[in-house]
Structure formats: C-alpha cells, structure tokens
Amino acid sequence: MAKTKSVFRCTSCSHEVSKWVGKCPDCGAWGTVNEVAVAASAAAPGRRAMLPTTAAAPLSQIDAKVTQARSTGVSELDRVLGGGVVPGSVVLLSGEPGVGKSTLLLEVAFRWAAQRTETALYVTAEESAGQVRLRADRTGAVHDRVYLAAESDLSIVLGHVEQVRPSLLVVDSVQTMLAPEVDGVIGGVTQVRAVTAALTSLAKATGISVLLVGHVTKDGNVAGPRTLEHLVDVVLQFEGDKNSSLRMVRGIKNRFGSADEVGCFELHEDGIACVDDPSGLFLHHRADTVSGTAVTVAMDGKRPLVAEVQALTVKTEIPQPRRAVSGLDYNRVAMVLAVLQSRGRVFLGKHDVYAATVGGMRLLEPTADLAIALAIASAEADVALPAGWVILGEVGLAGEVRKITGLTRRLAEAERLGFTTALVPPGSEQTKIGSMRIHEVGDLRSALRLAGLRKSRAAREPVGVE
C-alpha cells in the first residue's frame, strides 16, 4: 500500500498549500481550501497521485438510461437540444434584452411540471415575484408544481433547491447571481465563474437539469469569461428582430447532439409559440406572379427554409445609381450585379436597384445567388418568372452556376410546399422529385434564357416550362 498524506487544495484554482487557510493565496477565493488525501506516485516522480473516491468502471457497464434526454414540452426547443434536456446537464440560453428568454423558460417550467409529477424551480434575480406572476398570468404558465424564488444570493438558492427538490432549475440570470464567499462585484468575471461552477457541480451531483439565462455583449457574445461556455454542456443563442415576431434559437455547443440545429418561435402578447413550419413566414402568397420576385431554399443549420427574394429597378439620371439591400449580403448582391452585366448582358448602369427578402429573413449563403440574379433581371425586364419555380445555385464570376450542399433536402422542402419546377446547378443526376420537375442550368445565360428573360423587350413574355 502506498503511503498517504494530507494536503490542502483550492477547489477553484487547484493551488496546494501545506496547511489550511481561509483565503487561497493564489486566486484569492475564500473558503475554497479543503483537505484531500494524496499518495506518492512511483510512475510520475515529483507528482502526487490523489486517491479516487469512486473506482473506475468499464464503459460497457455504465448505465446510459439515466442520461437519456427528457422532453421539455416545447417541441422546437427539444429539436435544438437533440430530443430534450439530459438529467444533470447545464444549458446556457443567451440573447439580447427583450428577445423573450424569460418568457420561453417560464413556458418550459410550466410544460415540465404539467406533463409529469415532478416540480420545477424558477429563480429570478432580476424581477420581483409579482412581476413573474403577472407574466405567468398573461401567458397561461401558472401551475402548482412550478415554484418561484426571487433571490440573488447563491447560498439561499441552494437552500431553496434542498427544500423544493426540483428536477428542473431555471436561473434568470447567471450574471445577476451573487456567491457571498467569493470576492468581486455581481456580474464580474470571478462571480460569474463561481456561480456557474457551483450550479454545474449541483447539476452533476444531484441530476437536476439546470437552465441558465445569460446576457450578451454588444458584439452578440455571451457576457462574462469565455470559460463560462466551457463549463456548461449546451450553449443556445436566442435571436430575433424587434420589428418582427419571429424568434430563432440556435445551437452553438451541444455535448448531447448536433450543434447546428435551429428552432423557430413566434412571440406574441399571449406568450411564445412554436412554429413547426416557418417557411410560410418567408413567402408572400399572392394569386398572380409579379416581376422582380424569385423563390429559393436556404439551409439554417439542418433546417431547409423556403424564402422569397424581391428586386426592384428604377431608372435614374444621377451619375451613381443607388444600391439598397435588406436581408441580403450587400457585397454578394454587388457581385451578382456585376456578373449580370458582364455575363448576362443585363445593363443596370442607369438604374437604382433595390433587393430584399420577405418576412425579415436574413439570407447570406451563396445558394441564393441565382435567385437574386433572376429576380433583378425579371424586375429590369418587367417580366414575371413562371409560377411554381424555385431557383437554387451559386453564381461564379465567370457566370457559371456552381453546385450547392443539401440539394436533395432543399428540393424536398420546396416540393412539399407545392413548387412544380426547380432550376438547379448541373450534376444533380435527378430529373424529378415527386411531382417536381428539375432543370439543370450550367451558366447564368442558360438560366435567363430558360426563364424567358433573354428576348427583346418587345417580344418578352412570361414563358413556362412544358
């Protein structure tokens, strides 16, 4: 048996001292120095081996059922999480003020308690209990097994956890919680790290699922130290335009599933609701087609979203025509305009050009290049594209149409929504998906010709595909 001895080690920074002290001399944390038993290691001279409290077990004997995801009751959030919340996990939800983080997590606490006999504890350090109750009344999230604590002291919160014994803990927010034994101001680096580390240890030791609300900086990143994102298991970003009711939850980090999923919600006066089919929000439904519009399919994570691109061209006499873009990449639109003029012979030097997306969607991937080009050419010619068309493809500087990723999933989504014809890059090796016909175009001129936009102005008329 190896000889053992006692040393005193800081649980915050792992600094060792020969005797107990109240304050760690390295990191300055109070009450973090504990006595541990160590043994000298013959294999690593000069290093101390710590006696394990639990013996290592074969991986095949570890029970995986105890860490299976449990549904939150909110389908779109479950999609991003990979099926639900894993017991003992810590999820960080970040977003700008007013985007709807508290409303979403209050709905999660309500659904959690309503669909099972377990309790949920909602801790708010930013609002009073009366304010949270008003929101719960407005959104219909009042339940007897949802407990509320308006506290900012971490020690008192841990006491509430021992009394209530919840299976779900929501903390709003981690930047407003205070660890009394740690120096530093509320929201500072030391405090945020200590609070997150304590709640993470609580989750791993008890199996409680913890949901944390995190503030963001002006750059959109999670406020606090970067180690905060490494301490938690899942990092989600809540996005939304204040001028739109649409909200998106994106996965940035996920130890239990894919990190490129996206969930769609709609925020309204009665609360927040899941949007299972968000493609309809980005399309303008009309009886007749009009010039200057084209439909494409974007991939947001693994989710295909059908989007509409609109363009308008107006003759102008000023030397430098205006270029206005909304929801699209300005530099990409400028490149498409140059290719249209050089390779497609669509001259816009004396036209103001306006390009935008419908529904407030941001469309930044190159897949929309061909749809943007045809929408602008359609607006300049005042000829509408044939009804039921969906256009996919990246346009190069030589005018070629390049391959794109996820073509099958994009076409399947468009076919589900009733589109009948697709313009795609060459090499797809498909001529039909369901009732949708597929036409390959190798360059921009071929696409313009197929859309009926290469004829003279006097003979230009909408042309459909047989």
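Where is the place of aspartate 382? In this predicted model, aspartate 382 is placed in the loop between α8 and β18 (389–391). Its relative accessible area is 60%, and aspartate 382 is therefore classed as exposed. The backbone at aspartate 382 has a positive phi of about 55°, although the residue is not a glycine. Most residues other than glycine have a negative phi, and most peptide bonds are trans.

A positive phi is also found at arginine 345, where the value is near 60° in a residue other than glycine. Arginine 345 belongs to the loop between α7 (330–342) and β17. With 45% relative accessibility, arginine 345 counts as partly exposed. Arginine 345 is also one of the residues touched by leucine 340.

Together with Leu453, Leu340 has the most contacts inside the largest nonpolar core, a set of 49 residues. The largest share of this core, 10 residues, is supplied by helix α8 (residues 369–381). Apart from this core lies another, of 32 residues, which includes Val74, Val91, Ala136 and Val213. When residues up to four places away in sequence are not counted, the contacts of leucine 340 are Arg345, Val346, Ala373, Ile376, Ala377, Leu444 and Leu448.

Six of the six residues of β9 (residues 209–214) are buried, so the strand is largely enclosed by the rest of the structure. Strand β5 (residues 90–95) runs parallel to β9 and is joined to it by five bridges. Within this pairing, leucine 92 has leucine 212 of β9 as its bridge partner. Strand β8 (residues 168–172) also runs parallel to β9, with four bridges between them. Here leucine 168 stands opposite serine 209 of β9.

A cis peptide bond, with omega of about 5°, joins aspartate 172 and serine 173. Serine 173 lies in the loop between β8 and α5 (189–206). Aspartate 172 is in turn touched by alanine 125, whose other contacts are Glu151, Ser152, Thr176 and Met177, not counting residues up to four places away in sequence. Alanine 125 is located in the loop between β6 (120–124) and α3 (129–139). At 24% relative accessibility, alanine 125 counts as partly exposed, because only values under 20% qualify as buried. The C-alpha atoms of alanine 125 and valine 171 are separated by 7.9 Å, while the two residues are 46 residues apart along the chain.

The largest pocket has a volume of about 590 Å³. Its lining comprises 21 residues, of which Glu239, Arg250, Gly360, Met361 and Arg362 lie nearest the centre of the pocket. Two or more lining residues are given by each of the elements β10 (234–240), β11 (246–254) and β14 (293–300). By residue class, the lining divides into eight nonpolar, seven polar and six charged residues.

Two threonines in loops were also examined. Threonine 367 lies in the loop between β17 (351–357) and α8. With a relative accessible area of 5%, threonine 367 is buried. Not counting residues up to four places away in sequence, threonine 367 touches Thr296, Val297, Leu392, Gly393, Glu394, Ile404 and Arg410. Threonine 289 is placed in the loop between β13 (271–274) and β14. Its relative accessible area is 40%, and threonine 289 is therefore partly exposed. With residues up to four places away in sequence left out, threonine 289 touches Ala384, Leu385 and Ala387. The C-alpha atoms of threonine 289 and glycine 301 are separated by 30 Å, with the two residues 12 residues apart along the chain.

Methods. Residues numbered from 1 in each chain as written. Predicted model: local features only at pLDDT ≥ 70, side-chain atom pairs only at ≥ 80, totals over all residues. Heavy atoms only, no water. Core = buried A, V, L, I, M, F, W, Y, C linked by side-chain atoms within 4.5 Å. Buried < 20%, exposed > 50% of the residue type's maximum accessible area, 1.4 Å probe, protein only. Contact = heavy atoms within 4.5 Å. 1 Å grid on protein atoms, 1.4 Å probe; cavity = no way out; pocket = protein on both sides within 12 Å on 5 of 7 lines; lining within 4 Å. Points joined across faces, edges and corners; volume = space filled by probe spheres on them. Nonpolar A, V, L, I, M, F, W, Y, C, P; charged D, E, K, R; others polar. Pairing = 2+ DSSP bridges.
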